[in-house]
Amino acid sequence: MENSGKEIIVTENVKKYYKEEDIVVKAVRGIDLTIESGEFAAVVGPSGSGKTTFLNVISGLDTPTEGKIWLSGKMLSEMSGKELSDLRRDRIGFIFQAYNLIPVLTVEENIEYVMLLQGVPKEKRHEKVVQILEEIGMKGMEKRFPPKISGGQQQRVAIARAMVSQPELILADEPTANLDQATGGELLDMMRGLNRKTGMTFLFSTHDRMVMERADRVITLKDGKIDKDDRKA
Amino acid sequence: MWFDIKLAWRNIFRNKRRTFIAGTAIGVGLAAMIFTDALMIGMKDNMIRSATKSFLGEGQIHREGFRLTQEVEKTINNLDGIISRLEKEEVVERFSLRAVTFGMITSPSNVSSIMFYGVQPSSERHLSQIDDVMKEGDYFKGEQEREMIIGSDLAEILEVGIGDRTVITVSQAETGDLVQEMFRVSGIYQFKVKEMDTGMAFVRLPKAQDMLGIGSDVHEIAIKFEDIHFATKEDNPFWSRYSIDGNEAVSWATLLPQLKAILGIFWISLLVMGIILFGIVAFGIVNNLFMSLYERMFEFGVIRAIGTRPSGVRRLILLEAGALSILSIILGIILGFLITLIFVNTGIDYRGIEIAGTSIHELLYPVIHIQQYIIYPIAVFAFTLLIGLYPAIVASKMSISGALRKSL
């Protein structure tokens, strides 16, 4: 599926400063960016360039020091904490570095967690879990606990958890950082395929070359600002 | 909710050793509360029994004002009517009549002031314990009207033994004339309570009535009830029913205010102990929950990021506190019951110890009450949830991005 042209994320002069041991760290220094629906984009840059901070700010996990952010047309600064929680639950899927599953919940329970928060009935949840496990190639592993499966499989489950409620946007913060190249590449291909199939927007924060190679758009941050914004033809 | 309960339950078993240690600490605290409560009830009952069974009785009837002045003339009014009513009272197990006055006892060697009692040996045997603590001689074994029982310390002061003669001097009712009679010491008792062992002498009731010139009247009716707790309540209607015709009926709590005060302090000490134990429990829970919270910061960041509201995080922490509390309560109840049961069977030996003028004569047995296994566990559960609020609020207010940075 190609870009629909609908704006998912719009940022206007977003800045994020925070204090670390009495020193003001200017992590994001004024970013204007628009991400459109269906994009498979990556925010890249060296460590400390502000990638993760930017992702946290645009997803409502953190508040900007300055600037405006619209997510699916809603301005984040006008939303309460409860509304932000609901927005993340219903419209954003998160994928973090490896080991971000709840270890005491089974694969099935981890995937259905967001649907539980949404109040989806049990039968419907189970049906969706079975369907998505099949899509990510983990059918029959519903009752396994995360520590009993490989890192690659854990990250597949995290992807399934992020996508199962069909959010508009998937934010993935260094999703391949703890994986070997083969597994990482395999997962990226899977996400690329899901992006094309479902039209969900993917925004990565990474310095992994494999992600950059697969992304349609690579936004390079340097010292908290956009240095380059390259779109593939 | 069911999912949250399942998650909380599994979470507390993530670090089994820590949960076991925290649960044991809380459980031992609860067991200690249960056992202490059982012990306090046992001690209270024991002290009341020791105080009332030795001689006092659980309640007494006198002529109004007699307790204050001990005047010989102040005998109980309408004695026959009271006796016939007491005989019909279902709550009364038995009662005994007594004549009481101040007197003087003289031996060839010494002289001492005493409380002179005329008693009915047959009924007194079941109401008081003098016959149980005989050190020498017998408790009114024969039919001799001049038999007298005295305490061991008094016998020592008078330098008398079994069969020795003593003279009792009392003043008669109405005239106030002094009367002297000779008695032979037929028995020496030892209560190990100073007042009783040095200051009392007992003769048969008819002889005392004759000496005091009170006919068949008496000064005191000592009562034993079917249930020891019946007499504990000072506002019991029983007392007002018999506080008529110029008489007054009072419970042991009125007769022994110092014992009542001591028993009041018991409950204060239980409260203080409860506060200390609950304080320890509180630190145990808070420590456990915070350790668990800081270990799982990233995880809390993740669940907040994917849409769990702050209230959901608070609920999860409180459920974990509740799950820990339930485990601890089960352990505490089992432990508390077993410890109490052991001492219910073996008893604790405090015999010979004197508290508030009451000497303990029996083994102390803790008393198991169902309330101990309801009130304290509920209190621990409620308290755990209350204490759990603190880490729950901290967890719900933490910065999501900060939490996500924790293990990155």
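My entries follow in that order.

I noted that this is a predicted model, in which local features need pLDDT of at least 70, side-chain atom pairs count only at pLDDT 80 or more, and totals for chains, interfaces and linings use all residues. Residues are numbered from 1 along each chain as its sequence is written, and chains are lettered from A and ligands numbered from 1 in the order in which they are written.

Chain contact. I looked up the contact (C-beta atoms, placed from the backbone, within 7 Å) and found 20 residues from chain A and 17 residues from chain B. On the chain A side, helix H2 (81–91) and helix H3 (107–118) each give two or more residues; helices are DSSP runs of H or I with at least four residues, strands runs of E with at least two, numbered from the N terminus. H2(A) gives the most, six residues.

Domains. I found chain B divided into domain 1 (2–51 + 260–405) and domain 2 (55–254), with bounds from an automatic or database domain assignment. Their centres, taken over C-alpha atoms, are 50 Å apart. Ten residues of domain 1 and nine residues of domain 2 make the contact.

Sheet. In chain A I traced an open, mixed sheet of six strands, E6-E7-E8-E3-E9-E10; strands pair if DSSP finds at least two bridges between them. E6 (92–95) and E10 (225–231) of chain A each have a single partner strand, so one side of each lacks a neighbour in the sheet. E9 (217–222) and E10(A) run antiparallel, joined by six bridges. One of the partner pairs is Arg217(A) with Arg231(A).

Terms used:
Contact = placed C-beta atoms within 7 Å.
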